[in-house]
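Trainee: Could you walk me through how to read aromatic contacts and surface patches in a model?

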Amino acid sequence: MSDLVKNTIRFILFIFIQVFVLLQIPPLHRFIVPYIYFLYILWLPFRTPRGTLTLVGFLFGLSLDFFTVSPGLHAAACTLIAYLRPFLINILIPQEGAEQNYKSPSITSMGLAPYATYILILTLLHNTYLVLLEWLDVGSFWFFLGKVLATTGISLLLILVTELLFYRKEKFRTNTA
Amino acid sequence: MRNIFLFIRRYFNFLFFVVMQLVALYILFNFNRFHEAAFLGVASEVTGKVNARYNNIEYYFKLKKANEALVIENEQLRNQLRQNFDMPDTSRRFFQDTLAYDTLGHYRKWWFMSAKVINNSINFQNNYFTVNRGAKQGVRKDMGVISPTGVAGTIITVSDNMAIAMSLLNSQSRLSAKLKKSGETGQVFWDGKNPNFLTMVNLPKSMQVNKGDTIITSQYSTRYPLGIMVGSVAEVVDDKSSNFYTLKIKTATDFYNLEHATVVENLFKEEQKKLEDSIKTNE
(Lines give C-alpha, C1' and ligand atoms only; values in the text may rest on other atoms or scores of the structure.)
Protein backbone atom coordinates (compact mmCIF):
# COMPACT_ATOMS: atom_id res chain seq x y z
CA MET A 1 0.00 0.00 0.00
CA SER A 2 1.40 3.39 -0.90
CA ASP A 3 2.04 5.99 1.78
CA LEU A 4 -0.65 8.30 0.45
CA VAL A 5 -3.42 5.68 0.56
CA LYS A 6 -2.29 4.43 3.96
CA ASN A 7 -2.26 7.89 5.48
CA THR A 8 -5.60 8.85 3.94
CA ILE A 9 -7.22 5.80 5.52
CA ARG A 10 -5.49 6.62 8.82
CA PHE A 11 -6.76 10.21 8.58
CA ILE A 12 -10.39 9.06 8.36
CA LEU A 13 -9.97 6.34 10.99
CA PHE A 14 -8.36 8.64 13.55
CA ILE A 15 -11.09 11.27 13.12
CA PHE A 16 -13.89 8.70 13.37
CA ILE A 17 -12.41 6.95 16.41
CA GLN A 18 -11.91 10.28 18.16
CA VAL A 19 -15.44 11.54 17.37
CA PHE A 20 -17.53 8.41 17.60
CA VAL A 21 -15.70 6.41 20.26
CA LEU A 22 -13.59 8.60 22.53
CA LEU A 23 -15.75 11.74 22.61
CA GLN A 24 -18.88 9.64 23.26
CA ILE A 25 -17.50 8.38 26.56
CA PRO A 26 -19.43 9.95 29.44
CA PRO A 27 -17.14 12.41 31.25
CA LEU A 28 -15.51 10.89 34.32
CA HIS A 29 -14.30 14.24 35.54
CA ARG A 30 -14.26 17.70 34.04
CA PHE A 31 -10.50 17.55 33.62
CA ILE A 32 -10.51 14.37 31.60
CA VAL A 33 -11.03 14.52 27.85
CA PRO A 34 -9.50 11.53 26.05
CA TYR A 35 -7.55 12.77 23.02
CA ILE A 36 -5.58 10.48 20.75
CA TYR A 37 -6.33 11.78 17.24
CA PHE A 38 -3.11 13.86 17.03
CA LEU A 39 -1.10 10.61 16.99
CA TYR A 40 -1.85 10.69 13.26
CA ILE A 41 0.47 13.67 12.88
CA LEU A 42 3.17 12.03 14.97
CA TRP A 43 3.01 8.93 12.73
CA LEU A 44 3.41 10.73 9.41
CA PRO A 45 6.53 9.68 7.42
CA PHE A 46 9.90 11.34 8.03
CA ARG A 47 10.08 12.47 4.43
CA THR A 48 6.93 14.60 4.45
CA PRO A 49 7.96 18.12 3.34
CA ARG A 50 7.62 20.67 6.13
CA GLY A 51 5.09 22.85 4.31
CA THR A 52 2.91 19.84 3.58
CA LEU A 53 3.18 18.71 7.19
CA THR A 54 1.86 22.05 8.47
CA LEU A 55 -0.96 22.03 5.93
CA VAL A 56 -1.95 18.43 6.76
CA GLY A 57 -1.95 19.34 10.47
CA PHE A 58 -4.25 22.27 9.83
CA LEU A 59 -6.69 20.28 7.67
CA PHE A 60 -6.67 17.36 10.11
CA GLY A 61 -7.49 19.59 13.07
CA LEU A 62 -10.13 21.42 11.09
CA SER A 63 -11.94 18.20 10.14
CA LEU A 64 -12.20 17.29 13.82
CA ASP A 65 -13.45 20.81 14.51
CA PHE A 66 -16.32 20.30 12.09
CA PHE A 67 -17.56 17.44 14.23
CA THR A 68 -17.09 19.12 17.59
CA VAL A 69 -18.40 22.56 16.48
CA SER A 70 -15.31 24.40 17.71
CA PRO A 71 -13.83 25.81 14.48
CA GLY A 72 -10.13 26.54 14.75
CA LEU A 73 -9.55 25.08 18.23
CA HIS A 74 -8.05 21.71 17.27
CA ALA A 75 -6.74 23.14 13.99
CA ALA A 76 -4.54 25.61 15.88
CA ALA A 77 -3.14 22.92 18.18
CA CYS A 78 -2.49 20.48 15.33
CA THR A 79 -0.76 23.11 13.20
CA LEU A 80 1.54 23.87 16.13
CA ILE A 81 2.68 20.29 16.69
CA ALA A 82 2.93 19.61 12.95
CA TYR A 83 5.23 22.62 12.58
CA LEU A 84 7.41 21.75 15.58
CA ARG A 85 7.67 18.05 14.73
CA PRO A 86 10.67 18.23 12.30
CA PHE A 87 12.76 20.29 14.78
CA LEU A 88 12.15 17.76 17.52
CA ILE A 89 13.00 14.82 15.26
CA ASN A 90 16.28 16.50 14.25
CA ILE A 91 17.28 16.84 17.90
CA LEU A 92 16.15 13.40 19.01
CA ILE A 93 17.24 11.19 16.12
CA PRO A 94 20.04 8.97 17.52
CA GLN A 95 22.47 8.98 14.60
CA GLU A 96 22.94 10.85 11.40
CA GLY A 97 20.80 9.48 8.60
CA ALA A 98 18.52 7.29 10.66
CA GLU A 99 15.53 9.02 9.12
CA GLN A 100 16.78 7.76 5.74
CA ASN A 101 16.72 4.15 6.92
CA TYR A 102 13.21 4.02 8.25
CA LYS A 103 9.93 5.36 6.98
CA SER A 104 8.23 6.94 9.97
CA PRO A 105 8.78 7.65 13.69
CA SER A 106 8.39 4.56 15.88
CA ILE A 107 10.18 2.71 18.67
CA THR A 108 12.21 0.66 16.17
CA SER A 109 13.30 3.62 14.08
CA MET A 110 14.11 6.09 16.84
CA GLY A 111 14.80 3.91 19.86
CA LEU A 112 12.61 3.71 22.94
CA ALA A 113 13.84 6.71 24.92
CA PRO A 114 13.95 9.27 22.06
CA TYR A 115 10.57 8.09 20.78
CA ALA A 116 9.02 8.37 24.26
CA THR A 117 10.45 11.90 24.64
CA TYR A 118 9.14 12.82 21.21
CA ILE A 119 5.62 11.60 22.10
CA LEU A 120 5.68 13.18 25.56
CA ILE A 121 6.78 16.64 24.41
CA LEU A 122 4.36 16.89 21.49
CA THR A 123 1.43 15.51 23.54
CA LEU A 124 2.13 18.01 26.28
CA LEU A 125 2.42 20.86 23.76
CA HIS A 126 -0.78 19.88 21.99
CA ASN A 127 -2.81 19.62 25.19
CA THR A 128 -1.33 22.76 26.75
CA TYR A 129 -2.17 24.83 23.68
CA LEU A 130 -5.65 23.32 23.39
CA VAL A 131 -6.53 23.92 27.04
CA LEU A 132 -4.97 27.39 26.92
CA LEU A 133 -7.31 28.40 24.10
CA GLU A 134 -10.26 26.93 25.99
CA TRP A 135 -9.12 28.57 29.21
CA LEU A 136 -9.27 32.06 27.67
CA ASP A 137 -13.04 31.60 27.78
CA VAL A 138 -13.57 30.17 31.23
CA GLY A 139 -11.80 28.74 34.23
CA SER A 140 -9.11 29.44 36.78
CA PHE A 141 -5.39 28.72 36.78
CA TRP A 142 -5.80 25.47 38.71
CA PHE A 143 -8.37 24.38 36.16
CA PHE A 144 -5.81 25.05 33.43
CA LEU A 145 -3.00 23.17 35.16
CA GLY A 146 -5.16 20.27 36.24
CA LYS A 147 -6.70 19.82 32.85
CA VAL A 148 -3.36 19.94 31.02
CA LEU A 149 -1.88 17.26 33.29
CA ALA A 150 -4.98 15.07 33.31
CA THR A 151 -5.55 15.15 29.53
CA THR A 152 -1.84 14.55 28.89
CA GLY A 153 -1.85 11.55 31.23
CA ILE A 154 -4.90 10.07 29.53
CA SER A 155 -3.48 10.77 26.05
CA LEU A 156 -0.17 9.07 26.93
CA LEU A 157 -2.03 6.06 28.29
CA LEU A 158 -4.10 5.81 25.11
CA ILE A 159 -1.00 6.16 22.91
CA LEU A 160 0.76 3.42 24.88
CA VAL A 161 -2.22 1.10 24.41
CA THR A 162 -2.35 1.95 20.69
CA GLU A 163 1.37 1.29 20.24
CA LEU A 164 1.02 -2.08 21.95
CA LEU A 165 -2.13 -3.09 20.06
CA PHE A 166 -1.11 -1.92 16.61
CA TYR A 167 2.53 -2.80 16.34
CA ARG A 168 3.92 -1.11 13.23
CA LYS A 169 6.52 -3.13 11.40
CA GLU A 170 9.34 -0.86 10.30
CA LYS A 171 11.55 -2.29 7.61
CA PHE A 172 15.18 -1.27 7.51
CA ARG A 173 15.75 0.34 4.14
CA THR A 174 19.17 0.25 2.55
CA ASN A 175 20.52 3.12 0.49
CA THR A 176 20.12 1.19 -2.72
CA ALA A 177 16.42 0.61 -2.27
CA MET B 1 12.76 43.53 -3.74
CA ARG B 2 15.07 40.61 -4.34
CA ASN B 3 15.88 40.49 -0.65
CA ILE B 4 12.21 40.28 0.25
CA PHE B 5 11.75 37.29 -2.04
CA LEU B 6 14.85 35.67 -0.59
CA PHE B 7 13.55 36.28 2.91
CA ILE B 8 10.17 34.75 2.07
CA ARG B 9 11.83 31.74 0.46
CA ARG B 10 14.15 31.20 3.36
CA TYR B 11 11.47 31.43 6.04
CA PHE B 12 8.66 30.02 3.94
CA ASN B 13 7.87 27.21 6.40
CA PHE B 14 7.72 29.53 9.37
CA LEU B 15 5.58 32.11 7.56
CA PHE B 16 3.26 29.37 6.34
CA PHE B 17 2.93 28.11 9.92
CA VAL B 18 2.15 31.61 11.20
CA VAL B 19 -0.50 32.12 8.51
CA MET B 20 -2.16 28.78 9.36
CA GLN B 21 -2.14 29.63 13.07
CA LEU B 22 -3.71 33.02 12.42
CA VAL B 23 -6.42 31.50 10.23
CA ALA B 24 -7.24 28.93 12.95
CA LEU B 25 -7.29 31.51 15.75
CA TYR B 26 -9.33 33.94 13.65
CA ILE B 27 -12.13 31.45 13.06
CA LEU B 28 -11.96 30.25 16.66
CA PHE B 29 -12.42 33.66 18.25
CA ASN B 30 -14.85 35.02 15.70
CA PHE B 31 -17.09 32.01 16.04
CA ASN B 32 -17.21 32.27 19.81
CA ARG B 33 -18.05 35.92 19.72
CA PHE B 34 -20.78 35.95 17.14
CA HIS B 35 -22.09 32.40 17.38
CA GLU B 36 -22.03 31.92 13.68
CA ALA B 37 -19.70 31.07 10.88
CA ALA B 38 -20.77 30.87 7.29
CA PHE B 39 -18.71 27.78 6.61
CA LEU B 40 -20.30 25.86 9.46
CA GLY B 41 -23.63 25.82 7.70
CA VAL B 42 -21.99 23.90 4.85
CA ALA B 43 -19.93 21.75 7.19
CA SER B 44 -22.90 20.75 9.31
CA GLU B 45 -24.59 19.33 6.21
CA VAL B 46 -21.62 17.00 5.71
CA THR B 47 -20.91 16.08 9.33
CA GLY B 48 -24.65 15.96 9.92
CA LYS B 49 -24.99 13.16 7.37
CA VAL B 50 -22.30 11.10 9.08
CA ASN B 51 -23.78 11.89 12.47
CA ALA B 52 -27.28 10.92 11.32
CA ARG B 53 -25.97 7.54 10.18
CA TYR B 54 -24.14 6.97 13.46
CA ASN B 55 -27.19 8.08 15.40
CA ASN B 56 -29.30 5.49 13.58
CA ILE B 57 -27.22 2.78 15.24
CA GLU B 58 -26.93 4.50 18.59
CA TYR B 59 -30.68 5.11 18.62
CA TYR B 60 -31.44 1.44 19.31
CA PHE B 61 -29.36 1.40 22.45
CA LYS B 62 -31.27 4.27 23.97
CA LEU B 63 -34.78 3.28 22.89
CA LYS B 64 -35.83 2.16 26.32
CA LYS B 65 -34.91 5.35 28.12
CA ALA B 66 -36.34 7.56 25.38
CA ASN B 67 -39.58 5.60 25.48
CA GLU B 68 -39.92 6.06 29.21
CA ALA B 69 -39.48 9.81 28.94
CA LEU B 70 -42.00 10.00 26.09
CA VAL B 71 -44.55 7.94 27.99
CA ILE B 72 -44.30 10.32 30.93
CA GLU B 73 -44.63 13.32 28.67
CA ASN B 74 -47.66 11.80 26.92
CA GLU B 75 -49.27 11.21 30.27
CA GLN B 76 -48.75 14.82 31.26
CA LEU B 77 -50.12 16.12 27.97
CA ARG B 78 -53.12 13.85 28.17
CA ASN B 79 -53.89 15.28 31.58
CA GLN B 80 -53.98 18.74 30.08
CA LEU B 81 -56.49 17.88 27.35
CA ARG B 82 -59.58 20.02 27.12
CA GLN B 83 -61.99 17.10 27.33
CA ASN B 84 -60.70 16.33 30.80
CA PHE B 85 -62.42 19.39 32.13
CA ASP B 86 -66.14 19.90 32.50
CA MET B 87 -67.53 23.36 32.03
CA PRO B 88 -69.83 24.56 34.81
CA ASP B 89 -72.23 25.97 32.23
CA THR B 90 -72.99 23.28 29.65
CA SER B 91 -74.61 25.66 27.16
CA ARG B 92 -71.39 27.57 26.64
CA ARG B 93 -68.71 25.88 24.68
CA PHE B 94 -65.37 27.14 23.78
CA PHE B 95 -63.01 26.05 21.00
CA GLN B 96 -59.43 26.90 20.45
CA ASP B 97 -58.56 26.90 16.78
CA THR B 98 -55.18 25.96 15.43
CA LEU B 99 -55.17 29.10 13.30
CA ALA B 100 -53.27 32.05 14.59
CA TYR B 101 -56.44 34.06 15.27
CA ASP B 102 -59.98 33.01 15.97
CA THR B 103 -63.15 35.05 16.38
CA LEU B 104 -62.77 35.23 20.14
CA GLY B 105 -59.44 36.94 19.74
CA HIS B 106 -57.33 34.10 21.06
CA TYR B 107 -54.03 34.00 19.38
CA ARG B 108 -51.28 31.49 19.22
CA LYS B 109 -47.97 32.59 20.66
CA TRP B 110 -45.91 29.39 20.71
CA TRP B 111 -45.44 26.86 17.95
CA PHE B 112 -43.81 23.49 18.66
CA MET B 113 -41.88 21.35 16.18
CA SER B 114 -40.60 17.90 17.06
CA ALA B 115 -36.99 17.10 16.20
CA LYS B 116 -34.46 14.39 16.79
CA VAL B 117 -31.06 15.09 18.30
CA ILE B 118 -28.46 13.63 15.94
CA ASN B 119 -25.29 14.76 17.66
CA ASN B 120 -24.61 15.84 21.20
CA SER B 121 -21.60 16.72 23.30
CA ILE B 122 -21.28 17.13 27.05
CA ASN B 123 -17.59 16.90 27.79
CA PHE B 124 -16.41 20.32 26.59
CA GLN B 125 -16.59 23.74 28.18
CA ASN B 126 -18.85 24.83 25.32
CA ASN B 127 -21.28 22.11 24.36
CA TYR B 128 -23.54 21.99 21.32
CA PHE B 129 -26.01 19.54 19.87
CA THR B 130 -27.38 19.09 16.36
CA VAL B 131 -31.04 18.50 15.49
CA ASN B 132 -32.44 17.08 12.26
CA ARG B 133 -34.64 20.07 11.42
CA GLY B 134 -33.39 23.07 9.48
CA ALA B 135 -34.38 26.20 7.60
CA LYS B 136 -36.58 24.20 5.19
CA GLN B 137 -38.62 22.95 8.13
CA GLY B 138 -38.97 26.43 9.58
CA VAL B 139 -36.23 26.40 12.20
CA ARG B 140 -34.49 29.72 12.58
CA LYS B 141 -31.72 31.18 14.69
CA ASP B 142 -32.50 31.98 18.36
CA MET B 143 -35.40 29.57 18.75
CA GLY B 144 -35.59 27.61 21.97
CA VAL B 145 -35.13 23.84 22.17
CA ILE B 146 -36.76 21.77 24.91
CA SER B 147 -36.48 18.08 25.72
CA PRO B 148 -39.34 15.92 27.01
CA THR B 149 -38.25 16.70 30.56
CA GLY B 150 -37.07 20.32 30.42
CA VAL B 151 -35.14 23.11 28.73
CA ALA B 152 -32.29 21.92 26.47
CA GLY B 153 -30.79 24.86 24.55
CA THR B 154 -31.01 27.54 21.85
CA ILE B 155 -30.60 27.29 18.07
CA ILE B 156 -27.51 29.18 16.90
CA THR B 157 -26.76 28.02 13.36
CA VAL B 158 -29.17 26.71 10.75
CA SER B 159 -28.48 24.93 7.47
CA ASP B 160 -31.08 23.65 5.01
CA ASN B 161 -31.95 20.46 6.85
CA MET B 162 -30.11 20.65 10.14
CA ALA B 163 -29.57 23.08 12.94
CA ILE B 164 -26.95 23.40 15.66
CA ALA B 165 -28.13 24.35 19.11
CA MET B 166 -26.07 25.73 21.98
CA SER B 167 -26.85 23.44 24.89
CA LEU B 168 -27.53 24.78 28.40
CA LEU B 169 -24.14 23.25 29.18
CA ASN B 170 -22.31 26.09 27.44
CA SER B 171 -20.33 28.81 29.14
CA GLN B 172 -22.12 31.40 27.00
CA SER B 173 -25.63 30.17 27.72
CA ARG B 174 -27.84 32.51 29.80
CA LEU B 175 -31.44 31.77 30.74
CA SER B 176 -34.04 33.71 32.68
CA ALA B 177 -35.77 31.41 35.16
CA LYS B 178 -37.93 31.62 38.26
CA LEU B 179 -38.91 29.67 41.32
CA LYS B 180 -42.23 27.95 40.76
CA LYS B 181 -43.27 28.42 44.37
CA SER B 182 -42.67 32.12 44.95
CA GLY B 183 -42.09 33.47 41.44
CA GLU B 184 -38.71 35.12 42.10
CA THR B 185 -36.73 35.40 38.88
CA GLY B 186 -33.02 34.88 38.44
CA GLN B 187 -30.44 33.95 35.90
CA VAL B 188 -29.30 30.43 35.12
CA PHE B 189 -25.94 29.57 33.60
CA TRP B 190 -23.45 26.72 33.58
CA ASP B 191 -20.19 26.91 35.53
CA GLY B 192 -18.54 24.29 33.33
CA LYS B 193 -17.92 21.80 36.10
CA ASN B 194 -20.53 19.08 36.09
CA PRO B 195 -23.02 18.33 33.29
CA ASN B 196 -25.64 17.47 35.92
CA PHE B 197 -25.73 20.85 37.64
CA LEU B 198 -26.43 24.45 36.64
CA THR B 199 -25.99 27.63 38.69
CA MET B 200 -28.70 30.19 39.40
CA VAL B 201 -27.89 33.68 40.66
CA ASN B 202 -29.60 36.99 41.50
CA LEU B 203 -32.16 35.60 43.94
CA PRO B 204 -32.72 38.03 46.86
CA LYS B 205 -32.23 36.61 50.34
CA SER B 206 -35.60 37.91 51.46
CA MET B 207 -37.25 34.84 49.96
CA GLN B 208 -37.61 31.29 51.20
CA VAL B 209 -35.91 28.59 49.19
CA ASN B 210 -35.56 24.93 50.02
CA LYS B 211 -33.77 21.95 48.58
CA GLY B 212 -35.92 20.29 45.94
CA ASP B 213 -37.85 23.41 44.88
CA THR B 214 -38.74 23.49 41.19
CA ILE B 215 -37.16 26.06 38.85
CA ILE B 216 -39.12 26.89 35.70
CA THR B 217 -38.61 29.26 32.76
CA SER B 218 -39.83 32.77 33.46
CA GLN B 219 -42.22 34.97 31.53
CA TYR B 220 -39.31 37.26 30.60
CA SER B 221 -37.74 34.68 28.33
CA THR B 222 -38.46 35.26 24.64
CA ARG B 223 -37.30 31.80 23.64
CA TYR B 224 -39.28 29.51 25.94
CA PRO B 225 -42.92 29.45 27.04
CA LEU B 226 -43.57 30.16 30.71
CA GLY B 227 -43.32 27.15 32.98
CA ILE B 228 -40.97 24.77 31.17
CA MET B 229 -38.97 23.02 33.85
CA VAL B 230 -35.28 23.95 34.14
CA GLY B 231 -34.41 21.82 37.14
CA SER B 232 -34.72 21.42 40.87
CA VAL B 233 -32.68 23.05 43.62
CA ALA B 234 -29.89 20.73 44.75
CA GLU B 235 -28.02 23.06 47.07
CA VAL B 236 -28.52 26.57 48.43
CA VAL B 237 -25.20 28.42 48.74
CA ASP B 238 -25.61 31.13 51.36
CA ASP B 239 -22.84 33.64 50.71
CA LYS B 240 -22.64 35.87 53.82
CA SER B 241 -21.04 38.75 51.93
CA SER B 242 -23.85 39.11 49.42
CA ASN B 243 -27.55 39.87 49.50
CA PHE B 244 -28.26 37.20 46.95
CA TYR B 245 -28.51 33.44 47.05
CA THR B 246 -26.61 31.26 44.63
CA LEU B 247 -28.42 28.02 43.85
CA LYS B 248 -27.02 24.80 42.50
CA ILE B 249 -29.63 23.27 40.24
CA LYS B 250 -30.00 19.67 39.12
CA THR B 251 -30.89 19.83 35.41
CA ALA B 252 -34.34 18.55 34.44
CA THR B 253 -33.02 17.48 31.02
CA ASP B 254 -30.81 14.42 30.98
CA PHE B 255 -28.03 15.72 28.74
CA TYR B 256 -26.33 12.33 28.75
CA ASN B 257 -29.27 10.82 26.85
CA LEU B 258 -30.65 13.58 24.67
CA GLU B 259 -32.70 11.82 21.97
CA HIS B 260 -35.88 13.71 21.20
CA ALA B 261 -36.32 17.44 21.35
CA THR B 262 -38.93 20.04 20.51
CA VAL B 263 -38.04 23.30 18.80
CA VAL B 264 -40.15 26.17 20.11
CA GLU B 265 -41.00 29.19 18.00
CA ASN B 266 -42.22 32.43 19.55
CA LEU B 267 -44.57 33.87 16.92
CA PHE B 268 -44.46 37.29 18.55
CA LYS B 269 -40.73 37.57 18.95
CA GLU B 270 -40.20 39.91 16.00
CA GLU B 271 -42.98 42.19 17.17
CA GLN B 272 -41.67 42.32 20.72
CA LYS B 273 -38.13 42.95 19.55
CA LYS B 274 -39.23 45.73 17.21
CA LEU B 275 -41.20 47.40 19.96
CA GLU B 276 -38.35 47.17 22.43
CA ASP B 277 -35.82 48.43 19.88
CA SER B 278 -37.96 51.44 19.11
CA ILE B 279 -37.26 52.75 22.61
CA LYS B 280 -33.53 52.46 22.12
CA THR B 281 -33.59 54.47 18.90
CA ASN B 282 -35.69 57.17 20.55
CA GLU B 283 -33.14 57.79 23.24
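Mentor: Happy to; we will take the ring pairs, then the charges over rings, then a surface patch. Keep in mind that this is a predicted model.

Trainee: How many aromatic pairs does the structure hold over all chains?

Mentor: A ring pair is described by the distance between the centres and the angle between the planes. Over all chains there are 23 aromatic pairs. Take A:Phe11 and A:Tyr40: their centres are 5.5 Å apart with 85° between the planes, which is edge-to-face. A:Phe11 sits in helix α1 of chain A and A:Tyr40 in helix α2 of chain A, so the pair ties together parts 29 residues apart in sequence.

Trainee: Is A:Tyr40 buried or exposed?

Mentor: A:Tyr40 is buried, because its relative accessibility is 4% and the cut-off for buried is under 20%. A:Phe11, at 21%, is partly exposed.

Trainee: What is the geometry of the rings of A:Phe11 and A:Phe60?

Mentor: Their centres are 5.0 Å apart and the planes are at 80°, so this pair is edge-to-face. A:Phe60 lies in helix α3 of chain A, so the pair ties together parts 49 residues apart in sequence. A:Phe60 is buried, with a relative accessible area of 0%. One aromatic cluster includes A:Phe11, A:Tyr40, A:Trp43 and A:Phe60.

Trainee: Which residue lies over the face of B:Tyr59?

Mentor: That is B:Lys116, at 4.0 Å from the ring centre. Likewise, B:Lys248 lies over the face of B:Phe197, at 4.6 Å from the ring centre.

Trainee: And which element gives the largest share of the nonpolar patch?

Mentor: α2(B) does, with five residues. The patch covers about 1100 Å², and B:Tyr11 is among its residues. B:Tyr11 is found in the loop between α1 and α2 of chain B and is partly exposed, at 36% relative accessible area.

How values were computed
Residues are numbered from 1 along each chain as its sequence is written. Chains are lettered from A and ligands numbered from 1 in the order in which they are written. This is a predicted model: local features need pLDDT of at least 70, side-chain atom pairs count only at pLDDT 80 or more; totals for chains, interfaces and linings use all residues. Side-chain values use heavy atoms; hydrogens and water are left out. Patches are made of residues with over 30% relative accessible area and no salt bridge: like charges are joined within 9 Å, nonpolar side chains (Val, Leu, Ile, Met, Phe, Trp, Tyr) within 5 Å. Accessible areas come from the Shrake-Rupley method with a 1.4 Å probe; for residues, only the protein chains shown count as cover. A salt bridge is a side-chain nitrogen of Lys or Arg within 4 Å of a carboxyl oxygen of Asp or Glu. Helices (H or I, at least four residues) and strands (E, at least two) are DSSP runs, numbered from the N terminus. Buried means under 20% relative accessible area, exposed over 50%, partly exposed in between (1.4 Å probe, protein chains only). Rings of Phe, Tyr and Trp (its six-membered ring) pair if their centres lie within 6.5 Å; planes under 30 degrees apart count as stacked, over 60 as edge-to-face and the rest as tilted. A charge sits over a ring if NZ of Lys or CZ of Arg is within 6 Å of the ring centre and within 35 degrees of the ring normal.
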